[in-house]
Amino acid sequence: MTTPLLSVSGLHKSFGRTVACDDISFDLWPGEVLGIVGESGSGKTTLLRSIAGLIEPDAGEISYYSGEGALDVHDMSEPELRRLQRTEWAFVHQHPRDGLRLNVSAGANIGERLMANDWRHYDNIRSEALKWLAAVEIDEARIDDLPRTFSGGMQQRLQIARNLITSPRLVFMDEPTGGLDVSVQARLLDLIRSLVRDLGLSAIVVTHDLAVARLLSTRLMVMKDARVIEQGLTDQVLEDPQAAYSQLLVSSVLQV
Amino acid sequence: MTIEPAAARDTGYNFAYLNEQTKKMIRRALLKAVAIPGYQVPFASREMPMPYGWGTGGVQVTASVLTPEDVLKVIDQGADDTTNAVSIRKFFKRTAGVATTEATAEASVIQTRHRIPEQKLTSDQILVYQVPIPEPLRFLEPRETETRKMHAFEDYGLMHVKLYEDISQHGHIATTYAYPVKVEGRYVMDPSPTPKFDNPKMDNCAALQLFGAGREKRIYALPPFTSVVSLDFEDHPFEVQAWEHPCELCGARDTYLDEVIVDDEGGRMFVCSDTDYCASRRQAVSEAAE
Ligand SMILES: Nc1ncnc2c1ncn2[C@@H]1O[C@H](COP(=O)(O)OP(=O)(O)O)[C@@H](O)[C@H]1O
Ligand SMILES: [Mg+2]
């Protein structure tokens with residue numbers, strides 16, 4: 001029997017009197033892409049950031065099963081957590097400016113994780129950066145340009161390259177196609193889908209857009225008012241939603 | 001001898017200007033800095049009767065280590081006779097009455113703004129640096145909370161991002177001043193405005209090296225014989241500047257040269273920036289000729 005990659009149990013997080021996540025439990029299995037959907041304010045981002053160790057939940061346990069065994073995400077030391085965040089994990093932010101260094105070149109952005117992992121050979125870092133530029137369909141000639149000269153879609157692809165370069169096992173994505181035009185979104189989704197498949201990544205993708213979830217995720221979790229109200233295989237949830245709210249969500253999308 | 005002897009000090013001030021309480025506080029910071037080589041120790045920097053940028057951090061450190069028996073040398077770039085060096089030397093003559101010198105070998109305390117003297121320092125000497133920006137990570141990470149964590153966790157990948165960026169833009173590591181170093185295999189330190197030419201002199205140096213940043217309120221130190229390694233890439237190793245010509249005054253080939261304008265027609269020549277070193281070499285040559 002295999003073990004899950006990630007196990008969340010009884011997670012709770014409030015901001016003052018606002019409950020953002022209420023008693024959330026689930027497992028993520030190796031190779032799985034879990035979509036978390038729900039309307040704005042339902043607690044998706046808070047859940048994702050809590051799991052990724054970016055915010056401290058009030059209660060609950062998050063276990064990550066690394067090659068070396070189970071790790072309690074909120075019980076490990078900060079250096080350990082940071083090491084995890086720059087090696088086995090990756091976090092793709094909704095806004096590229098939150099996930100990029102805007103004052104250094106595209107090449108330096110992509111190479112940063114390598115350098116943080118003690119790569120000390122310039123040419124090797126650079127050729128790896130070129131390889132990843134190509135992988136995310138950015139012209140290699142742009143390697144020395146600053147990200148601020150890139151379009152929104154290119155910035156997001158740069159952020160993805162910067163994250164995937166160390167072959168993480170688990171990728172967190174928060175509305176990865178969020179602020180983009182529809183045509184740009186479609187291309188980026190295709191790219192994410194093929195990268196996830198080719199690299200055999202496990203991922204948790206937060207989105208308010210069911211079409212994104214349908215395309216990327218194998219399993220779906222529907223959130224409403226800080227709680228998970230339904231979960232199951234993506235096809236099942238979309239074809240035959242059980243909760244009344246999910247039915248509403250799915251029907252409103254299908255009408256569009 | 002080139003020593004200007006000790007003289008009566010202005011007794012309107014406490015010895016070396018700062019009161020004993022303040023000096024004690026700074027000495028405590030210095031002791032901590034010596035105990036943790038390369039680590040930036042916060043201290044309660046005082047207002048000094050000179051503007052920031054004139055070396056108020058270095059002056060406070062010098063004031064705290066100075067004794068009446070000391071012989072003080074002050075340099076700006078490599079020279080003892082620039083405005084900044086002269087005014088700091090005058091300040092300590094007046095407030096501490098200590099002897100002063102321009103000769104590196106005669107000094108027991110040397111305060112510097114940029115250069116490390118060419119002559120090898122000894123275990124009887126203290127070198128005090130005036131530091132404007134002590135934080136080597138500031139360039140890429142403006143958040144103090146974050147840079148502190150990076151130091152604490154030895155999370156120094158960003159330093160190489162800066163060097164990477166240098167090479168990608170210039171084809172080589174173009175940083176020539178404030179070139180980052182790793183101290184005793186642990187803390188990354190900014191040698192501040194010191195030219196990278198002098199980085200190798202910091203390594204395994206016999207003298208005690210103290211760094212004071214007044215505006216930024218930080219003190220750090222290199223105890224004698226500390227390992228100081230300049231960061232680099234395997235395929236772009238650290239190198240010091242080299243000049244095509246020797247010093248046009250003393251003929252030295254292994255010193256840091258400044259380009260100086262010598263006449264109104266824009267004539268230029270390259271000469272040692274360490275004026276004392278250059279003068280003593282020329283004197284040795286003329287004495288040998290006699
Ligand atoms: N840092 C914060 N401070 C206060 N309230 C917050 C904070 N972050 C989120 N919230 C609140 O928590 C709830 C869930 O927010 P969020 O996780 O961002 O939802 P979603 O990502 O689904 O839109 C919302 O009511 C939001 O206003
Ligand atoms: Mg959100």
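**Close-up views of the chain A and chain B model**

**View 1. The interface between chain B and chain A.** About 2000 Å² is buried between chain B and chain A, and carbon and sulfur atoms give 57% of that area. In chain B, the residues that lose the most area to chain A are Phe153(B), Tyr164(B) and Asp235(B), which together make up 29% of what that side buries. The contact involves 21 residues from chain A and 20 residues from chain B. The model shown here and in the other views is predicted.

View 2. Between chain B and chain A, 5 salt bridges are counted. One of them joins Glu146(B) to Arg82(A), with the closest N and O atoms 3.1 Å apart.

**View 3. The side of chain B that touches chain A.** Two or more residues each come from α4 (144-152) and α5 (157-170) of chain B. The largest share, 8 residues, is given by α5(B). Sorted by class, this side has 8 charged, 8 nonpolar and 4 polar residues.

**View 4. An open sheet in chain A.** The sheet has 4 strands in the order β2-β1-β4-β5, with antiparallel pairing. On average, neighbouring strands are turned by 25° against each other, direction ignored.

**View 5. The pairing of β4 and β5 in chain A.** Strand β4 (residues 59-66) runs antiparallel to β5(A), and the two pair over 4 bridges. At one of these positions, Ser66(A) has Gly69(A) in β5(A) as its bridge partner.

Note on methods
Residues are numbered from 1 along each chain as its sequence is written. Chains are lettered from A and ligands numbered from 1 in the order in which they are written. This is a predicted model: local features need pLDDT of at least 70, side-chain atom pairs count only at pLDDT 80 or more; totals for chains, interfaces and linings use all residues. Side-chain values use heavy atoms; hydrogens and water are left out. Two strands pair if DSSP finds at least two bridges between them. Axes are lines fitted to C-alpha atoms, for helices over the stretch in contact, and angles run from 0 to 180 degrees between N-to-C directions. Contact means heavy atoms within 4.5 Å. Buried area is the accessible area (1.4 Å probe) that two parts lose on being put together, summed over both. A salt bridge is a side-chain nitrogen of Lys or Arg within 4 Å of a carboxyl oxygen of Asp or Glu. Ala, Val, Leu, Ile, Met, Phe, Trp, Tyr, Cys and Pro count as nonpolar, Asp, Glu, Lys and Arg as charged, and the others, Gly among them, as polar.
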